[in-house]
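Please check each one against the display.

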Amino acid sequence: MVVHSAAERVLAGLDPEQRSAVTAPAGPVCILAGAGTGKTRAVTSRIAHRALTGDIAARHVLAVTFTARAAAEMRARLTALGVGGVQARTFHAAALRQVRYFAPRLLEGRAMPELLDSKVRVVTLAAAKVGLRTDRAAARDLAGEIEWAKSSLVEPGEYVVAAAKALRETPHEPAKVAEVFAAYERLKRGNGVIDFEDMLRAAVWGIEEHADVAEQVRGQYRHFVVDEYQDVNPLQQRLLDAWLGGRDDLTVVGDASQTIYSFTGATSSYLIDFPRRHRNATVVRLVRDYRSTPQVVGLANAVISQARGAEARLRLELQGQRPPGPEPELRIFTDEPAEANAVAARCRALVDGGTPAREIAVLFRTNAQSEAYEKALTEAAVPYVVQGAERFFERPEVRQAMIALRAATRSIPGETPLPAAVVEGLAAVGWAPDAPPPGGAARERWEALAALVQLAEEYAATPEVVLIGEAAAIERPVTLGDFNEELARRAAQQHVPTVEGVTLASLHSAKGLEWDAVFLVGLAEGTLPTTYAKTPEQVEEERRLLYVGVTRAREWLWLSYAAARSPGGRARRPSRFLPQLDRSGGGERAGAGTGVARRTERRRAQVVSCRICGATLLAGADRKLGRCPTCPSDLDEELYERLREWRQRVAGAQKVPAYVVFTDATLTALAERKPDRTEELIAIAGIGPRKLGLYGDTVLALVAGAGVDEVCSQKSFEI
């Protein structure tokens, strides 16, 4: 009876879909769990319920996750449910534990090889062996390519063909990468070391080739759970199959719409094909989103609804369960510095309004984008932390570049234009302003140094003013020395350590995290999707990145892009993944149902920017106000009340509704902007030539301080 009541308590509070997942019969179970749908609760409750009802013994369960943090959370939840003894580990931790345990038997008394923490050092040596000089970034890219091959069960002799089939963008010519791969394997064996993929393979080999090991492992682990199943690679699946040994008591949890790591070898094909591989599988869909407001959920659904390809067959339409919240905001800025400054200002306002800085995140496509936000947040006195990467000025390539630029002041003529001088100075560290190199790390290094060139272009656009007398001044072009001082100042500001702050993170490193307020920035073509996404499959993965970003927000979501990278730069288009952008030119609310606060105009109108944050204003009411609805108001309440009283008298005299005279939005704009000239008055949307002629002088008088009785005695209201 006690066991029965404990099992019933596990089911308490579960929604119908979660309950179905928990109580599904033994055997293959596939839980398709959308973002924020309580997948960890469902899977831990399933383990606990089966253990408490006597269906399984907890010590026979192996739950596999992709991060140590997720494994620790799973263990903590199971303990809270009254179930101990479950092994919750990452693939690597589980394999390492087994390999170490069986090493004396498998290695016949020999010592277990040392496990490499990083491939980079050995890869650098391997590259040198085959005549290839590499810096650290190039070695990291080669290491990543070798890791992809080994995770995909590809041997050195098979690499060239496999890379071509997979449409890999290789860091060097494929045959050369294969040579480095082979040399890397030889060096490892010669030095008696193994890498993480070797360790997974050793675990597979121990089970597949040693019946006694297989019997012991399978006797210990009889029930399996795999989290984030869309991220499994072929080597990990091979290990899982070895553990199972033909049995089918397997529960997998995943979301094909969050498949964003295919470049590492991860594939959603095992999740997609699960019902085909396991004909008697139970499939449960978790769609009730408890993380985000219905407004955020609506946008997430709109983003992923346009997805194509294999993953799209398993997409889930989420149902928001939280109370309504604010509409996601779309902002358009003239350039990236303006975008970063506006984001920083809003972060400052959120923190001042009581939102903890740790509950705010700024998410971008590449780490190279972080510098602008580091600078803007620093200047706004908002603390920040960088997730998954060093701060911009702490990156090795940036430190090396700053040293090179300081040295360049001695060799580059002072009259050389600053951007050209910076490009010339960066040549000393191997940077050139042509197409970025292939490979993730090398490309990221190139983009970080390209960001320095962009900084130089922006800095050169503001020449120094030098006084040459009491009433005369000239503009002095900024020099490379000036720029070096500016970089040193920025680096000093951004090196201040912080314990807690706004999170700056790439979309990849934000996976699995969530915040109250999220800024998704840089949503322009060429950035998201990146220009390096060439195939339809790569473009779809970029779409899923945006989906992951949207679903990180609990309550407040800002989406923005800059019309140009730098002031006066070449115009860019918004990301094709933004469903709320109506390209038809119609006047209905763009992307109806997506929950994004934006309207398109029936005709191309003059660009109006928010006078507070600089964003392009799209909605008619916002254009009248001259500011975003969420930017702070500077309303003169006394003037507003006088304008309302005057409008009421005018409407009464003309026997028309008050809004026919002026709408509330126009009155608010007048009370905020307080125009004192006809030119300023007519600049307010809603005040055309006719109303200017009827009411212009009166309104200007009211703004100047005249009373309602005074202006009403001087003006006839008859049309």
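At what angle do helix α6 and helix α7 pack, and how far apart are their axes?

1. In this predicted model, helix α6 (residues 120–129) and helix α7 (residues 136–151) pack at an angle of about 100 degrees, and their axes lie 9 Å apart. Since angles of 65 to 115 degrees count as roughly perpendicular, α6 and α7 are therefore roughly perpendicular to each other.

2. The contact between these two helices is made on the α6 side by Val120, Val123, Thr124 and Ala127, which meet Arg136, Ala139, Arg140, Leu142, Ala143 and Ile146 in α7. Sorted by class, the contact of α6 with α7 comprises seven nonpolar residues, one polar residue and two charged residues.

3. Turning to the sheet, six strands form an open arrangement with parallel pairing, in the order β3-β2-β6-β7-β1-β8. The edges are taken by β3 and β8 (282–286), each of which has a single partner strand, so one side of each is left without a neighbour in the sheet. From one strand to the next, the twist averages 15 degrees.

4. Strand β2 (residues 61–65) deserves a separate look, as five of its five residues are buried. In a regular strand the side chains alternate between the two faces of the sheet. In β2 both faces are covered, with Val61, Ala63 and Thr65 buried on one side and Leu62 and Val64 buried on the other.

5. Which strands pair with β2 in the parallel sense over four bridges? One is strand β6 (residues 223–226), which pairs with β2 in the parallel sense over four bridges, and there the bridge partner of Ala63 is Val225. The other is strand β3 (residues 87–90), likewise parallel to β2 and joined over four bridges, with Val64 standing opposite Arg89. Between β2 and β3 the chain passes through helix α4 (residues 68–80), and this β-α-β crossover is right-handed.

Terms used. Residues are numbered from 1 along each chain as its sequence is written. This is a predicted model: local features need pLDDT of at least 70, side-chain atom pairs count only at pLDDT 80 or more; totals for chains, interfaces and linings use all residues. Side-chain values use heavy atoms; hydrogens and water are left out. Axes are lines fitted to C-alpha atoms, for helices over the stretch in contact, and angles run from 0 to 180 degrees between N-to-C directions. Angles under 35 degrees count as roughly parallel, over 145 as roughly antiparallel, 65 to 115 as roughly perpendicular and the rest as oblique. Contact means heavy atoms within 4.5 Å. Ala, Val, Leu, Ile, Met, Phe, Trp, Tyr, Cys and Pro count as nonpolar, Asp, Glu, Lys and Arg as charged, and the others, Gly among them, as polar. Buried means under 20% relative accessible area, exposed over 50%, partly exposed in between (1.4 Å probe, protein chains only). Two strands pair if DSSP finds at least two bridges between them. A crossover is right-handed if, with the strands pointing away from the viewer, the path from the first strand over the helix to the second runs clockwise.
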